[in-house]
Amino acid sequence: DPAKGTKMDASIVAKSFRNEIKAKVVAMKQAGIEPPLLVGLLANKDPAARKYAEWTGKACRADGLRYELRTLDDPIEVEAALIDANDDPRVHGIIVYYPIFGQEESFSGESQDDYLRDTISHKCDVEGLCHSYRTNLYRNVRFLDYPTNNQKCLLPCTALSVVKIIESCPGCYDFTKPVGRKLEGKTVTVINRSEIVGRPLAAMLANDGADVYSVDINSIYMFRDGRLHACDDSVTPESCVRKSSIVVTGVPTKNYKLPTEWVKPNTTVINVASFKNVEEEELLQIPGVVYVSQVGKVTVAMLERNLMRLYEQFHARNNK
Ligand code: NAD
């Protein structure tokens with residue numbers, strides 16, 4: 001019904017990427033090569049982290065990838081386990097299930113979890129969150145070995161999963177335009193500016209040509225032309241959403257709901273948060289709206305894709 005919105009199931013997007021991985025694994029096995037190994041490090045009792053670890057293991061095994069979960073009793077053991085895995089030529093990817101220390105600070109003032117993120121070698125960083133990948137993303141540098149351009153930078157999986165979903169939604173990406181301009185003329189609002197989800201996502205969409213409002217609880221910035229710009233006081237979450245044809249919500253609280261009356265017809269709305277940030281029934285009354293309520297399956301597919309990329313770029317000829 002064109003007078004209403006539609007809900008899109010992102011598992012279709014996940015499936016096509018996972019089929020590509022499966023085909024590569026089959027080809028490796030036929031050539032007598034062992035498929036890539038992902039090591040997960042878990043050192044907390046957080047049920048969400050445990051669930052995520054279970055899902056990753058299950059998805060990897062289903063697609064023929066090898067997965068090994070290493071459970072540690074004390075967070076203090078994670079750094080040594082991480083370094084062991086970095087240095088082990090049999091390991092091709094590492095994922096740490098956060099929070100390990102939560103917001104606890106290290107001696108340098110950054111959080112200890114941030115320090116761990118930067119300790120993962122870029123050759124094993126399936127999440128794409130270590131400093132070298134983040135800094136390249138924020139400077140719109142797409143290759144590690146610029147200007148030779150043989151080694152692509154890895155991208156943060158959650159943000160990448162949202163980009164892949166947006167690519168699959170009609171009317172968002174213009175594939176006739178060159179790289180860097182496929183979202184030209186589009187305005188996007190991303191509600192969340194964490195280093196894990198919102199900031200990398202806003203940067204990626206801006207690197208594809210969009211004007212991106214990055215909304216957090218106390219501030220709004222515009223990402224445009226590879227740069228962050230301050231917004232004046234007239235810019236509010238409402239004015240941003242009203243201008244946007246793509247809205248991404250990532251607010252980690254039960255009570256937050258995106259006011260549906262701000263959303264214009266034909267907008268693509270994606271909820272990344274584990275909470276429902278959107279009143280679904282109300283939203284789907286708006287003509288032409290496309291709504292994606294969950295991205296987790298695509299995130300796991302992007303983890304697998306990143307693992308395969310790490311393997312091909314850094315490990316395939318034992319060149320770790
Ligand atoms: P986080 O707690 O690190 O960051 C949340 C950000 O949202 C913070 O910057 C916070 O200030 C901001 N925020 C809070 N209330 C806000 C409001 N009312 N308006 C605007 N901004 C607000 O969390 P995170 O790691 O960014 O994760 C966000 C959500 O996404 C969580 O619910 C998490 O479970 C989910 N998540 C999903 C996936 C997936 O693949 N599905 C992956 C990672 C995170």
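1. Ground rules. This is a predicted model, so local features need pLDDT of at least 70 and side-chain atom pairs count only at pLDDT 80 or more, while totals for chains, interfaces and linings use all residues. Residues are numbered from 1 along each chain as its sequence is written, and side-chain values use heavy atoms, with hydrogens and water left out.

2. The ligand shell. There are 20 residues around the ligand, and Asn192, Ser194, Asp216, Ser274 and Thr299 come nearest; a residue is near if one of its heavy atoms lies within 4 Å of the molecule. By type, the shell holds 11 nonpolar, 7 polar and 2 charged residues. Here Ala, Val, Leu, Ile, Met, Phe, Trp, Tyr, Cys and Pro count as nonpolar, Asp, Glu, Lys and Arg as charged, and the others, Gly among them, as polar.

3. The side chain of aspartate 216 places an N or O atom 2.4 Å from a ligand oxygen. For threonine 299 the corresponding separation is 2.6 Å, and for serine 274 a polar side-chain atom is 2.9 Å from a ligand oxygen. The protein covers 68% of the 860 Å² of accessible area that the ligand has on its own (Shrake-Rupley method, 1.4 Å probe; for residues, only the protein chains shown count as cover).

4. Threonine 299 sits in helix 10, residues 296–315; helices (H or I, at least four residues) and strands (E, at least two) are DSSP runs, numbered from the N terminus. With 6% relative accessibility, threonine 299 is buried. Buried means under 20% relative accessible area, exposed over 50%, and partly exposed in between (1.4 Å probe, protein chains only). Not counting residues up to four places away in sequence, threonine 299 touches Tyr52, Cys157, Thr158 and Ser161, contact meaning heavy atoms within 4.5 Å.

5. Threonine 268 belongs to strand 10 (residues 268–271) and is buried at 3% relative accessible area. Its contacts, leaving aside neighbours within four places in sequence, are Cys169, Cys172, Ser245, Ile246, Val247 and Val290. Threonine 236, in the loop between strand 8 (227–230) and helix 8 (237–243), is partly exposed at 32%.

6. Helix 4. Which residues of helix 4 (residues 112–119) are buried? They are Gln112, Asp113, Leu116, Arg117 and Thr119. Seen down the helix axis, these buried residues fall within an arc of 160°, so they line one face of helix 4; the arc is that of the directions from the helix axis to the C-beta atoms. Helix 3 (78–87) is included in what covers them.

7. Backbone points to check by eye. Most residues other than glycine have a negative phi, and most peptide bonds are trans. Tyrosine 98 and proline 99 are joined by a cis peptide bond with omega about 0°, and proline 99 lies in the loop between strand 4 (93–96) and helix 4. The bond from tyrosine 146 to proline 147 is cis, with omega near 5°. Proline 147 is in the loop between helix 5 (131–138) and helix 6 (157–168). Asparagine 140, in the loop between helix 5 and helix 6, has a positive phi of about 55°. Asparagine 149 lies in the loop between helix 5 and helix 6, with a positive phi of about 60°.

How values were computed: Polar contact = N/O pair within 3.5 Å; in protein donor to acceptor, adjacent residues only side chain to side chain.
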